[in-house]
Amino acid sequence: MSLAARFPATGPTGIDALLAELAAVPAGGPLTVGDERVIDFLSGVSKRLLDPAVTRRHPELGPLGFFLRRAELLRALPAPADGRRQPRGLIFHVPPANVDTIFAYSWALAALTGNHNVVRLSARAAGAAEAVLAALNEALAGAHPAIGQTQRIVTYGHDAEVTERLSAACDLRVIWGGDRAVNDVRRHPIRPLARDLTFPDRASFAAVSVPGWAAADHDARRAAAAAFAADAYWFDQAACASPRAVYWIGPDLAAARARAEFDALLAAAVRDRGWAIEPAMAVQNRVGAYGAAADGTATAIGFVSDMVTTLDLAVPAAYPRARLGTGVFAHATLARLTDLAGVVDRRDQTLTYFGFSAEELRDLATALAGRGIDRIVPFGAALSFSPVWDGYDLPREFTKIMTIR
Amino acid sequence: MSVTAEGVFGRAQADKEAWLLPELTGLIEHHRAHCPPYARILDAIGHRPGTPYAAVADLPWLPVRLFKTHELKSIGDGEVVKTLSSSGTTGAGVSRVFLDRAAATAQTRALSRTMRAVLGPARLPMMIVDSRSIITDRTAYSARGAGVLGMATLGRDHVWVLDERGEPDLPAIRDFLARHGQAPFLIFGFTFLVWRFLYEPAAAAGFDLSHGVLVHSGGWKRLAAAAVDGVEFRRRFADGTGLRRIHNFYGMVEQIGTIFLEGPEGGSLYCPDFADVVIRDPATWREAPAGTPGLIEVVSTLPTSHPGHVLLTEDLGVVHGVDDGDWPGKRFSVLGRLPRAEARGCSDTIGRGGAA
């Protein structure tokens, strides 16, 4: 069994030692919700992540660095803050391999709320994940010893026994990474008192108000396309929150005009960012788009640029939820925003929008009546992490409330 | 659609394209009429019935991986006499190719005509660099087994170079050479196996393979560690065993029966008269000029029971020249597989797949 400690970076270790150390009461006493030792440490990590040398190489670490500032952490702390809110205990995190930073958010909130944590980091994690690890290990030098005792990030191979032991030991297991990962990890039992918090496969789409588009000036439209590009391309359109379809809400003819302009602005925005497509992905885009046509899901395929492929949906309600490629967007027109209620199902996560009023969005939320969509956010905010994720308020999920009467 | 009687490497490029274009355009209409998913793809990309095409490179292509994700056939279920499958090296699913009687016959005939260019008209004694279990063990039936079976019909008095344990069967090779080694004989196998289990033991044992004609396929990736490429492969075989007639070939199950064959001088693959290649720039999808690498598109008039007549592969290649080599037409090389795109996203966790 090869288990490597990445944070603190002490190298090879064993599961027995790891579990024994995590079970011990840390120096200076048990961690509490909003523990100063943790806040000190996290704000030290924040300073390192916000170092221009780091953000230049890994721009996606800027938001994480911002999120870990003391003021932001205090804002994320859930009420009541008088001791009745208690940590859950030991939390086992299984993050996705290739969204480099999600593990850091999930773990940081769990540490902030006073939990002992063990994160299973993929051996394939690279780039930004390595930079986060480096920042954590650097910040550890000046941190309270309780941090190194209670917070662990480990890497191990395909070793069911380690997953089994960690699962059996934890009070809460957090599983990111899609249906298959959730089902795989769930084969390992947790204790009767423990819970799972799961983030299975989700899909997301966008909606544009056709009158809202018409009312926007050219700069606003261009900014909207650039924001949409960030939502869609940052994780190669593979994140759960990346939009895979665009619904145009309004009269058909005006919608077609708006869409044509949007497509061109999107292609320009992607070009301006200097994003390029790898040949393998270009092939994948064709496989995905042609496959959608073969299935009868799409009636027309448009090649707007080498980075933007569009599909006309045969049936508006049936958008392809599986990822087709990078920069493949299904389009359809609906008369009213509330018609989306006929599109949405439980798997739908994020609706990114442009041009709607708060009232229209609330009407949609009412019409959805809980059958899908956990987030309604403007263009550009699809990927911004929030302590409320997939409908779960994470700081609350990571704690419990004691009754004192 | 007939191929020239005497050989299939006879047409200069202009003649070939002039013959291929109407044949392939006809196949587009044939498959449009008989394969509804294919018709929907053509509709969606704006290729209406009767669209005129000025060149082979203008014809609409399908990504070959579509045969892994979709069932594409232009015959009724009752007409299927053979279903071929191949798993790619990526393990991303299995291609399924459906043949009716006519297509199955045409592919066998085309293969034997193509091979005649290097084997001559007679059926030669044949050495297969594989083990018999590759075709007898039904549970392990594979693309490799299908390839061996397809080629085995071109030879006679077969000997299997590998025994049931996968070790070179030296007595069997010795016996085969004693009986057939003084006249032309055929050697077939996958490139890596041929190197590892024929070249190495034959060179060590001092076998004389000078009357052999080696036909092999499979890529150079596993030989890269031993610093063996096409040139080195030929040189070492010639020096170590006397074997000089060596023909690499390139082909895929989605165009079964169509093989692109290395010419006598080595170094380039040639297209039979009923097939061709177009190298495409993956950024623009336009045809790349000779000398510029790109993705290989393969076209063939053989696929009549499935829309595999114009396929974009995920292999990289380069055209070296046109009408300037051993045989007429384009000559090209396969440079290797397109590197896979890094998978990203929430649905990618450790514990999944595990290939990396």
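1. B:Asp323 has 15 C-beta neighbours inside 10 Å and therefore counts as partly exposed, where a residue is called buried if 20 or more other C-beta atoms lie within 10 Å of its own, exposed if 12 or fewer, and partly exposed in between, with C-beta atoms placed from the backbone. B:Asp323 lies in the loop between β13 and β14 (330–337) of chain B, and its phi is positive, about 55 degrees, although the residue is not a glycine. Helices (H or I, at least four residues) and strands (E, at least two) are DSSP runs, numbered from the N terminus.

2. This is a predicted model, in which local features need pLDDT of at least 70 and side-chain atom pairs count only at pLDDT 80 or more, while totals for chains, interfaces and linings use all residues. Residues are numbered from 1 along each chain as its sequence is written, and chains are lettered from A and ligands numbered from 1 in the order in which they are written.

3. B:Asp157, placed in strand β5 (residues 155–162) of chain B, has a positive phi of about 45 degrees although it is not a glycine, and with 13 C-beta neighbours inside 10 Å it counts as partly exposed. In chain A, a cis peptide bond with omega of about -20 degrees joins A:Phe7 and A:Pro8, and A:Pro8 lies in the loop between β1 and β2 (11–13) of chain A. As background, most residues other than glycine have a negative phi, and most peptide bonds are trans.

4. Chain A contains 16 helices and 18 strands, and its C-alpha trace spans about 70 × 55 × 45 Å along the principal axes. A compact globule of 405 residues would have a radius of gyration near 22 Å, and the 23 Å of chain A agrees with this; the radius is taken over C-alpha atoms, and the globule rule is 2.2 Å times the number of residues to the power 0.38. Of the 405 residues of chain A, 49% count as buried. Among its contacts between residues at least 6 apart in sequence, 74% join residues at least 24 apart, two residues being in contact if their C-beta atoms, placed from the backbone, lie within 7 Å.

5. Chain B has nine helices and 14 strands. Its radius of gyration is 21 Å, close to the 21 Å that the globule rule gives for 356 residues, so chain B is as compact as a globular protein of that length. The C-alpha trace of chain B spans about 60 × 55 × 45 Å along its principal axes, and buried residues make up 46% of its 356 residues. Of the contacts in chain B with a separation of 6 or more, 69% are between residues 24 or more positions apart.

6. Seen down the axis of α7(A), its buried residues fall within an arc of 160 degrees, so they line one face of the helix, the arc being that of the directions from the helix axis to the C-beta atoms. Among these buried residues are A:Ala128, A:Val132, A:Leu136 and A:Ala139, and what covers them includes β1 (3–7), α2 (36–49) and α6 (102–112) of chain A.

7. Helix α1 of chain B (residues 13–34) should span 32 Å for its 22 residues at 1.5 Å a residue, and the 30 Å between its end C-alpha atoms agrees. A kink of about 25 degrees lies at B:Leu20, shortly before the proline B:Pro22; the bend at a residue is the angle between axes fitted to the seven residues ending there and the seven starting there. B:Leu20 is also one of the buried residues of α1(B), which include B:Lys16, B:His31 and B:Arg32, and these buried residues pack against α2 (36–44), β11 (275–280), β12 (294–300) and β13 (310–322) of chain B.

8. The largest nonpolar core has 156 residues, and those with the most contacts inside it are A:Val208, B:Val129 and B:Val161; such a core is a set of buried Ala, Val, Leu, Ile, Met, Phe, Trp, Tyr and Cys residues joined through C-beta atoms within 7 Å. Helix α14 (residues 279–295) of chain A gives this core its largest share, nine residues. A second, separate core of 59 residues includes A:Leu31, A:Ile91, A:Leu112 and A:Ala125.

Definitions and conventions
The expected span of a helix is 1.5 Å times one less than its number of residues.
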